[in-house]
Amino acid sequence: MEATGTDEVEKIKSKFMSAWHNMKYSWVLKTKTYFSRNSPVFLLGKCYHFKTEESGELSTDGANFDKINTEISGNVEEFRKDFISRIWLTYREEFPQIKGSALTTDCGWGCTLRTGQMLLAQGLMLHFLGRAWVWPEALDMDSDSESWTSHTVRKLTASFEASLTAERDPKILPQPQAQPQRGTRRNWDVNERRNEAYHRKIISWFGDSPLAAFGLHQLIEYGKKSGKMAGDWYGPAVVAHILRKAVEEAKDPELQGVTVYVAQDCTVYSSDVIDRQCSFMDSGKAGTKAVIILVPVRLGGERTNTDYLEFVKGILSLEYCVGIIGGRPKQSYYFAGFQDDSLIYMDPHYCQSFVDVSIKDFPLESFHCPSPKKMSFKKMDPSCTIGFYCRTVQDFEKASEEITKKQALLPQTATHFSPHP
């Protein structure tokens, strides 16, 4: 009887915490983000221009697109597809219990691990899919899905158009019109089917189960060697080393062509990187590996030094950049771009239900964020980890040249990081 009573208490506690998490973390998808038409937007090395001679605002349903230059409309759509196609990894609940703990959720403590996952996922997307790939369903998520996106997709997938309003005194937007029903799925060619298979495989590597190569359960196991346990808060530098270890220990043959290098004291030693790229595969065959370079840095003292702003923008504009593990103090975000002096990011602070990625055709919607968010650079925590992806040694050499040029954007008093022989 006593055991039964304890079980009931635990069930009630679990339900209460679930409700609390959903209430506490759901606000992140409800706030609007405003983008200027007059400044370019950069997203992981790609630049989008929204400037138009026409005045006015874009409604939430895009009803006044006919009044806007076709080119600007196309750029908005391209940006939306690009952003939504990035893999979004957030807090989850009700996943298998983490070894050595009673935890079945990472709400409240796992945000830096999640942003680290997002950065690594972007590196793997570049490796297997290329930067030009976009998810064909990005602008047409399944309206019949039971995930949170079924409720928000109509409002949020079009929120970027709504955000292209005046920063001050926004007008009242017209009510959204009913969305047309989704048509039948088109026939995919061989290449599209191949890309979709990799899309799903990459997400499955980040599943919330003990067997997933880069899932929360595995990352926590690797974090124990750094003195971190489930429920602890993880910093960007620690996460960099955890990701390196996770890639080193990955068993999937598909991952043997990727390695991770973590910079030492803000210095990337070129010879070490090239040695990693030219190391033998487990199969014994020689071959050049792609490398994901992680550079833990501190951009100031207690607060971020604004002298680093142009440097950070320069880094995010590089085609080799896979984002930044950063955020506000004690709140980690995945920074993927910028406009003017604001950073564009994906927020892991949204509690979603566990998705079993081992099931064929598991739902993809909850792994893609329909709405970008912005934050002033001044609010950025100075501690962060910057990521780069280089497919070949030649790519690394070119990236090194580009990064070295970006050093000119730093003041003499600032801490530099750069490739070193």
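A residue counts as buried here when its relative accessible area is under 20%. Keep in mind that this is a predicted model.

Start with helix α7, residues 216-223. Of its 8 residues, 6 are buried, so the helix is largely enclosed by the rest of the structure. The buried ones are Leu216, His217, Leu219, Ile220, Tyr222 and Gly223. What covers them includes α3, residues 111-128, and α8, residues 236-249.

Now the charged pairs. The whole structure has 15 salt bridges, and I will go through a few.

Aspartate 82 takes part in two of the ones I picked. Arginine 86 pairs with aspartate 82, with the closest N and O atoms 3.0 Å apart. Arginine 131 also forms a salt bridge with aspartate 82, at 2.9 Å between the closest N and O atoms. Together, Asp82, Arg86 and Arg131 are linked in a network of salt bridges.

Are these residues buried or exposed? Aspartate 82 is buried, at 1% relative accessibility. Arginine 86 is buried at 2%, and arginine 131 is buried at 16%.

Last, back to α8. Glutamate 249 forms a salt bridge with lysine 245, the closest N and O atoms being 3.1 Å apart. The two residues are 4 apart in helix α8, so about one helical turn separates them. Glutamate 249 is partly exposed, at 31% relative accessibility, and lysine 245 is partly exposed at 22%.

Conventions: Residues are numbered from 1 along each chain as its sequence is written. This is a predicted model: local features need pLDDT of at least 70, side-chain atom pairs count only at pLDDT 80 or more; totals for chains, interfaces and linings use all residues. Side-chain values use heavy atoms; hydrogens and water are left out. Buried means under 20% relative accessible area, exposed over 50%, partly exposed in between (1.4 Å probe, protein chains only). Contact means heavy atoms within 4.5 Å. A salt bridge is a side-chain nitrogen of Lys or Arg within 4 Å of a carboxyl oxygen of Asp or Glu.
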